[in-house]
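Hi,

Here is the structure I promised to send over. Have a look at it first, and then read on for what I found.

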Amino acid sequence: CCFDGLSVYGVDNLFLFPFTSSTIRTVQVPPNLPRIIPTMSKIYHGVVNAADKFVPNALRPLWNHAAGPKTVFFWAPVFKWGLVVAGLSDLRRPADQLSISQSASLAATGIIWSRYSLVIIPKNWGLFSVNVFVAGTQVLQLYRAWDFSRKAPKVAE
């Protein structure tokens, strides 16, 4: 599959990494990686099966949901809340030290993924909420940077 000249391929134990040039590098997968993944999967499924006994009936629909705690579709948004916490902690940072490009890219990402989370089936409300907050905190940072540049005294060139 190609996207603007970038391609990603997986063939047996070889992975071809995307490069914009015509040169494509082949990298051998470490020999112990195929053994690590099933082991981690067994541990994860063991933990889920053990926790399954303790989930109350009222929470069963959430627990067994296609985007519930048994899937990566639940855990990825949970860990993405770290970006929201980082954005909120940056509110204490002086406005002249904010990265406009970082805030703009995170705001755009939050907006795009908020939309995506509502068009996929099943709708992933956890992904939607975290991305709304990522976008919101970064739009606020962009406003702070813009407001600082507007109010800062102009230096004669």
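A quick definition before the details: I call a residue buried when its relative accessible area is under 20%, and exposed when that is over 50%. Bear in mind that this is a predicted model.

Which residues of H3 are buried? They are Pro77, Lys80, Val84 and Gly87. Around the axis they cover an arc of only 85 degrees, so they sit on the same side of H3. Residues three or four places apart point the same way because an α-helix has 3.6 residues a turn. Val72, Phe79 and Val85 are exposed on the other side of H3.

As for the cover over those buried residues, it includes H4 and H5. I looked at H5 in more detail. The axes of H3 and H5 come within 9 Å and cross at roughly 15 degrees; angles under 35 degrees count as roughly parallel, so that is what H3 and H5 are to each other. The crossing of H3 past H5 is left-handed. In the contact between them, the H3 residues include Trp81, Leu83 and Leu88, while H5 brings in Phe133, Val134 and Gln138, among others.

One last thing, in the loop between helix H4 (100–119) and helix H5 (125–151): Pro122 is found there, and the peptide bond joining Ile121 and Pro122 is cis, with omega about 0 degrees.

Cheers

Terms used:
Residues numbered from 1 in each chain as written. Predicted model: local features only at pLDDT ≥ 70, side-chain atom pairs only at ≥ 80, totals over all residues. Heavy atoms only, no water. Helix = DSSP H or I, 4+ residues; strand = E, 2+ residues; numbered from the N terminus. Buried < 20%, exposed > 50% of the residue type's maximum accessible area, 1.4 Å probe, protein only. Arc of directions from axis to C-beta. Contact = heavy atoms within 4.5 Å. Axes fitted to C-alpha atoms, helices over the stretch in contact; angles between N-to-C directions. Parallel < 35°, antiparallel > 145°, perpendicular 65-115°, else oblique. Left-handed = near helix turned anticlockwise from the far one by under 90°.
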